[in-house]
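Biologist: I'd like to learn how to read a sheet and a loop residue beside it. Can you walk me through this one?

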Amino acid sequence: QVQLVESGGGLVQAGGSLRLSCAASGRPFSGYAMGWFRQSPGKEREFVAFIKWSSYITYYTDSVKGRFTISRDNAKNTVYLQMNSLKPEDTAVYYCAAVLTSKTTVVLLRPGSYDYWGQGTQVTVSS
């Protein structure tokens with residue numbers, strides 16, 4: 001069982017930065033990948049980024065490339081999402097998720113591919 005706890009959300013002006021954290025508790029994470037998704041009111045949950053745990057390979061949705069960076073800290077069993085140059089359209093509840101077994105890149109873009117989810121953290125970007 002993997003428990004994920006997000007933190008770091010808040011209110012920021014456009015152009016500002018936030019860093020989200022997702023701590024995996026229970027035991028050192030040994031799964032395949034962890035990802036970040038976001039969901040705005042009335043919209044489906046959408047993929048933001050993932051990082052493969054062993055290879056450190058990362059992947060981003062086009063709208064955040066060059067602005068967001070996903071990273072991990074083994075010692076803290078934590079994955080981060082550094083968000084820079086934030087825009088009002090980045091406003092959403094951000095969720096981290098973990099997948100235990102190997103998946104292709106295309107499959108990792110789908111929320112249904114992940115085994116565990118955090119509770120979400122609100123990010124609001126004002127214009």
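Predicted model: local features only at pLDDT ≥ 70, side-chain atom pairs only at ≥ 80, totals over all residues.

Biologist: Which strand pairs with strand 1 (residues 3-7)?

Modeller: That's strand 3 (residues 18-25), again in the antiparallel sense, over 5 bridges. Look at E6 there: its bridge partner in strand 3 is C22.

Biologist: And how is strand 7 joined to strand 8?

Modeller: Through 6 bridges, with the two running antiparallel. R72 stands opposite V79 in strand 8.

Biologist: In what order do the 4 strands lie in the sheet?

Modeller: The order is 1-3-8-7, and the sheet is open with antiparallel pairing. Strand 1 and strand 7 are at the edges; each has a single partner strand, so one side of each lacks a neighbour in the sheet. From one strand to the next, the twist averages 15 degrees.

Biologist: Now the loop. Where is N77, and is N77 buried or exposed?

Modeller: N77 belongs to the loop between strand 7 (68-73) and strand 8. To call a residue buried, we ask for under 20% relative accessible area. N77 has 10% relative accessibility, so N77 counts as buried.

Biologist: What does N77 touch?

Modeller: Leaving out residues up to four places away in sequence, N77 touches C22, A23, A24, R27, P28, F29 and W53. For A24, there's a polar detail too: a polar atom of the N77 side chain lies 2.7 Å from the backbone oxygen of A24.

Note on methods. Residues numbered from 1 in each chain as written. Heavy atoms only, no water. Pairing = 2+ DSSP bridges. Buried < 20%, exposed > 50% of the residue type's maximum accessible area, 1.4 Å probe, protein only. Polar contact = N/O pair within 3.5 Å; in protein donor to acceptor, adjacent residues only side chain to side chain. Contact = heavy atoms within 4.5 Å. Axes fitted to C-alpha atoms, helices over the stretch in contact; angles between N-to-C directions.
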